[in-house]
Structures are given as C-alpha cells and as structure tokens.
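Hi,

Here is the structure I promised to pass on, with my notes below it. Have a look at the model first, and then read on for what turned up.

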Amino acid sequence: MKRSSWRSDEPDALRPRFSRRIVTRLATSIVAVLLVSCRSAPVDETAPTSAPDAYLVAALRTADWLESVAIATDDGTWWPVQPGVPTDPTTPIDDTLYHGNPGVVLFFLEAHRATGNARYLEIARAGADGLLARLDARDGLGPGGAGLYTGIAGIGFVLEETHLATGDAKYRTGAVACLQRLADHAIREGEGVEWNDSTDIVSGSAGVGFFLLWAYERIPYPESLRLALETGRRLVQLGESAPGGTRWTMNPTFPRYMPNFSHGTAGVAAYLAALSEFVNERRFLDAAQSGASHLVRIADTDDGGCVILHHEPDGENLYYLGWCHGPVGTGRLFFELYEHTENPLWFDWMRRGAASLLNSGIPDSQTPGFWNNVGQCCGSAGVLEYYLDLHRETGNAMYLDAAIAMGDQVLAESAETSIGLNWSHAEHRARPEETTVQTGYMQGAAGIAIALLHLSAAVRDEPDESIRLPDSPFETGGTARSFRAQR
C-alpha cells in the first residue's frame with residue numbers, strides 16, 4: 001500500500017503497520033508536493049497578505065530583522081546565533097536546529113507558506129544552500145553530531161522540508177546524504193545501534209530515531225526504518241527499573257536524572273511509542289507505557305494537575321513548565337500513547353498537565369519554573385504552540401484563549417528596532433542576568449515568530465498546514481476537531 005518494495009520474506013518486525021497518523025502524514029506530503037508543482041506563476045511580492053493581524057505583522061517584522069542580520073556568502077546564507085556579539089573567527093558556523101541556521105530556514109519556509117511571498121522562499125533556499133555546503137565540510141559526526149537538535153538529523157529534516165516547499169531535487173539529495181551519514185556512523189552496541197552515549201531527544205538516539213521515522217514516510221531511503229528499529233531495540237535495552245516502571249537517564253555519566261522530555265524518560269518513551277506504530281514488536285509500546293507509568297508515579301498531582309520534577313538528586317522540588325522539562329514536552333508522550341492505545345487514561349494525564357499550565361498563573365506572573373524566556377524550548381512560544389495543538393485536538397476554546405494570552409505576552413516582550421522585531425531574554429534559569437538576542441529556533445527569534453505565524457492562522461480559523469518537527473505527535477491538517485471536545 002505505502003511501500004511497494006516491501007517483500008513478504010522480510011522480518012515481521014519490519015512490515016509496516018498502517019494507521020490514521022501514517023495515512024495523514026503521507027497525504028500531507030503528497031499535497032505539499034502537488035502545491036509546489038502547481039505554482040507555475042510567480043507570486044506578486046507586493047500583494048498584501050489576507051486579513052493581517054497583530055501576530056502576523058509581528059512575525060513578518062521579525063522576518064525583516066532576520067533578513068537584516070543575515071550573512072551572505074558564495075555558498076549560501078548564514079545567521080549568527082547572537083548578532084552583534086563578537087565571536088572567535090575559528091568558531092564553526094552553527095548548523096544545529098536548536099540554535100543555528102536550520103531553524104531560521106524553517107521560519108522562512110513557514111513565512112512563505114503563510115503569505116505566498118516569494119522573497120521568503122528565496123531566503124529559505126539561500127539558507128538551505130549554506131547547509132548543503134557545510135555537509136561536505138563535516139568530518140565525521142563528533143559528539144552530538146547525529147542529533148535531531150544538535151546535528152545531522154536536524155539538518156536532514158530541514159533540507160527535506162526545503163525540498164517539499166521548492167521541488168528542488170538538490171535538497172532531497174542533501175537529506176538523503178544526511179541519512180547515509182547516519183547509516184555510515186551508526187555504532188552497533190548491545191541489541192541495536194546508537195551514535196553516542198546519549199539516549200535523549202536533543203542529541204541522542206531518541207531524537208535521531210524520530211527523524212528516521214519521519215524520513216521513512218517521505219524519502220526513498222531503504223535503511224530508515226531498519227535503523228529506527230535497531231535504535232529502539234538499543235533504547236529498550238538501556239531502560240532501568242524505577243518506581244512504577246522504567247526510566248532512561250541521559251547518559252551513563254551525567255550525575256543527574258532528568259525525567260522530562262528533552263533529556264529523559266518522557267522523550268525516550270515517546271519515541272518507543274511512535275516506533276510501535278511502524279513495526280510489529282510489542283515490547284516498544286510496553287516499554288513506552290512502563291516509562292509513562294514511572295512518570296505518573298513520581299508526578300506532583302496536586303489540584304488535579306501533573307508536573308514532574310526537573311531532576312534528582314537535589315531538584316525534587318524544582319518544576320519547569322515548558323517543552324524541555326515541563327508539561328509541554330511530557331504531554332507529548334501521553335498524547336502519543338493515547339493515539340496508539342486509545343486508552344483515555346493517557347489522554348487524561350495529558351489534560352492534567354495542561355491543567356497545571358492553565359492554573360500556574362502564566363503569563364501574568366513569574367511562576368517558579370517559568371522565567372524571563374519567551375522561546376520554544378523553555379518559555380512562552382513553546383507553551384503557545386502546545387495550547388494550539390490542544391485546541392486542534394480537542395476543539396476546546398479555552399486552549400485557544402490561553403494561546404492568545406501567551407501570544408499577547410510574546411508581543412509585549414518584543415523589542416522594536418529600526419529594521420524589525422527581536423527578543424532579548426534569559427536562556428538559563430540559573431543565570432537570569434544573562435539576556436541575549438538570538439536568531440535560532442529553540443531560543444531565538446525564528447522559533448518565536450513561527451509560533452506567532454501559527455497563532456495568526458488559528459485565530460482566523462485557517463486550516464493548519466504548518467511544519468511539524470519529527471518529535472511532535474500532533475498532526476498537520478484541518479482546523480480544531482470539535483467532535484473530540486468532550487473527551
């Protein structure tokens with residue numbers, strides 16, 4: 001049905017399984033390619049966007065600023081992580097999805113999708129050209145070099161998104177080169193493969209695995225699913241017995257256990273749950289549910305909520321609220337499990353985490369665990385995006401109202417320059433005095449402006465056609481699913 005090349009003599013574990021998610025994502029990819037092929041006439045760059053609003057205007061003012069700080073070279077365009085801050089000339093250009101070029105390229109792809117302005121697609125192509133030029137300069141992968149947010153997996157994702165937006169085969173070729181690099185550098189260890197000693201979403205096997213599953217649905221590369229399967233087998237092997245179930249530490253030598261999405265159990269378990277949809281090995285879903293059961297056991301459930309400690313030891317009373325260490329990220333695991341099991345218990349745990357966000361007082365108060373940060377990773381933009389996802393999945397208007405409140409706070413925190421908008425905030429809770437202006441996705445203007453684009457579309461009730469990162473369980477397509485509002 002989906003891949004005619006699958007043979008009946010292949011191992012049962014590698015026979016693809018079909019679900020609403022796979023069909024939806026495949027259809028979305030086909031539509032994207034068709035849209036590109038139908039754009040035969042150039043877009044009038046001077047044409048106004050439809051129904052402009054404050055969120056869209058702010059996002060496009062951010063585009064103005066990002067374009068103004070871009071560095072053009074013979075090989076493509078680059079953006080400094082912190083414009084105006086002197087850097088060591090020997091420091092390599094940042095090509096990570098977390099801080100660097102890939103996230104800015106994503107923003108310009110999204111700006112083009114939202115407005116039809118051909119200039120934005122031109123800028124995205126120039127940034128993707130810079131990523132292509134850097135591929136050959138990479139010597140191996142190095143620490144974190146495989147990762148979704150720190151390495152080649154994130155680059156491959158952005159190159160393929162550029163291919164889907166432009167139809168240009170060179171970006172698909174670059175994405176395939178990233179997959180081949182992952183295959184070439186996979187380390188066979190125990191029952192499967194890994195690329196370093198990290199299990200996590202940011203730099204480790206769980207994030208790489210998510211990219212492999214994402215690529216399997218879009219890119220003709222024969223090893224994607226097999227590598228994803230072997231990644232899962234190694235992660236299952238690395239699970240440790242813990243109160244209520246199973247846990248995964250970031251790596252064997254890191255002195256803290258951080259259970260939430262970015263560096264711990266929630267992220268690894270979410271990957272194993274996602275993998276269970278593609279392969280016929282029950283142990284992946286079992287391991288994912290065991291990880292979630294552990295998280296529920298250690299959660300603070302006061303007032304019907306669900307928040308999970310930042311780390312142990314010595315961080316048992318510290319709670320964050322964002323993507324990295326809070327309900328925004330960990331809720332992804334619970335939704336992933338709900339999608340695969342249809343067990344309303346997991347949906348309820350996600351709802352409880354959302355209740356903790358709604359009851360926390362953000363954005364009107366500086367709640368502990370939510371500091372002067374408006375980014376995708378730790379702050380307001382990530383919470384905003386999560387509320388939009390919940391609104392689309394449930395049809396419940398209170399989530400859209402909450403997203404609007406976050407968006408208004410993001411606007412209030414912006415800084416108007418002579419050229420456009422940016423944001424100065426503190427990336428690290430422990431160093432609140434260190435405020436910086438950044439360009440990238442997880443901590444910078446690109447990610448913040450992407451959230452504003454998505455909010456603009458939501459308040460106008462436009463169909464959701466936004467780009468989803470590989471580790472997101474939420475689907476692109478359609479508007480709020482009001483028929484699910486009573487769950």
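Let me start with the aromatic rings. Ring pairs join Phe335, Tyr338, Phe347, Tyr386 and Phe474 into a cluster. Rings of Phe, Tyr and Trp (its six-membered ring) are paired here if their centres lie within 6.5 Å; planes under 30 degrees apart count as stacked, over 60 as edge-to-face and the rest as tilted. By this rule there are 16 aromatic pairs. There is also a charge over a ring: the charged end of Arg247 sits over the ring of Tyr257, 4.3 Å from its centre. For that, NZ of Lys or CZ of Arg has to be within 6 Å of the ring centre and within 35 degrees of the ring normal.

A word on provenance before the rest. This is a predicted model, in which local features need pLDDT of at least 70 and side-chain atom pairs count only at pLDDT 80 or more, while totals for chains, interfaces and linings use all residues. Residues are numbered from 1 along each chain as its sequence is written, and side-chain values use heavy atoms, with hydrogens and water left out.

As for the overall picture, the protein chain has 15 helices and 10 strands. These are DSSP runs numbered from the N terminus (helices: H or I, at least four residues; strands: E, at least two). Of the 487 residues of the protein chain, 59% count as buried; buried means under 20% relative accessible area, exposed over 50% and partly exposed in between (1.4 Å probe, protein chains only). Contact means heavy atoms within 4.5 Å. Among contacts in the protein chain between residues at least 6 apart in sequence, 70% join residues at least 24 apart.

Now to the start of helix H2, where Asp53 is worth a look. Asp53 lies in the loop between helix H1 (20–38) and helix H2 (54–68), and it counts as buried at 15% relative accessibility. A side-chain oxygen of Asp53 comes to within 2.8 Å of the backbone nitrogen of Tyr55 at the start of H2, and a polar atom of the Asp53 side chain is 3.0 Å from the backbone nitrogen of Leu56. The Asp53 side chain also makes a polar contact with the side chain of Ser456 (2.8 Å). A polar contact is a pair of N or O atoms within 3.5 Å; within protein, one must be able to donate a hydrogen and the other to accept it, and residues adjacent in sequence count only if both atoms are side-chain atoms. Not counting residues up to four places away in sequence, Asp53 touches Ser456, Val459 and Arg460.

H2 itself has 15 residues and reaches 21 Å from its first C-alpha to its last, close to the 21 Å expected at 1.5 Å a residue. The expected span of a helix is 1.5 Å times one less than its number of residues. Buried residues of H2 include Tyr55, Leu60, Trp65 and Leu66. The partners that the buried residues of H2 pack against include helix H3 (101–115), helix H14 (397–413) and helix H15 (445–459). Thr62 is in helix H2 and is buried at 0% relative accessibility. Leaving aside neighbours within four places in sequence, Thr62 is in contact with Leu421, Trp423, Ala445 and Ala449.

In helix H5 (residues 152–166), 15 of its 15 residues are buried, and just after H5, Gly167 takes a positive phi of about 75°. In H11, 13 of the 15 residues are buried, so this helix is largely enclosed by the rest of the structure. Just after H11, Glu342 has a positive phi of about 55°.

Val307 is buried, with a relative accessible area of 14%. The C-alpha atoms of Val307 and Tyr319, 12 residues apart along the chain, are separated by 6.8 Å.

Finally, how many disulfides are there? The count comes to 0, a disulfide being a pair of cysteine sulfur atoms within 2.5 Å. Cys377 is in no disulfide, and the nearest cysteine sulfur, that of Cys378, is 3.6 Å away. Cys377 is buried, with a relative accessible area of 4%, and Cys378 is buried at 8%.

Best wishes
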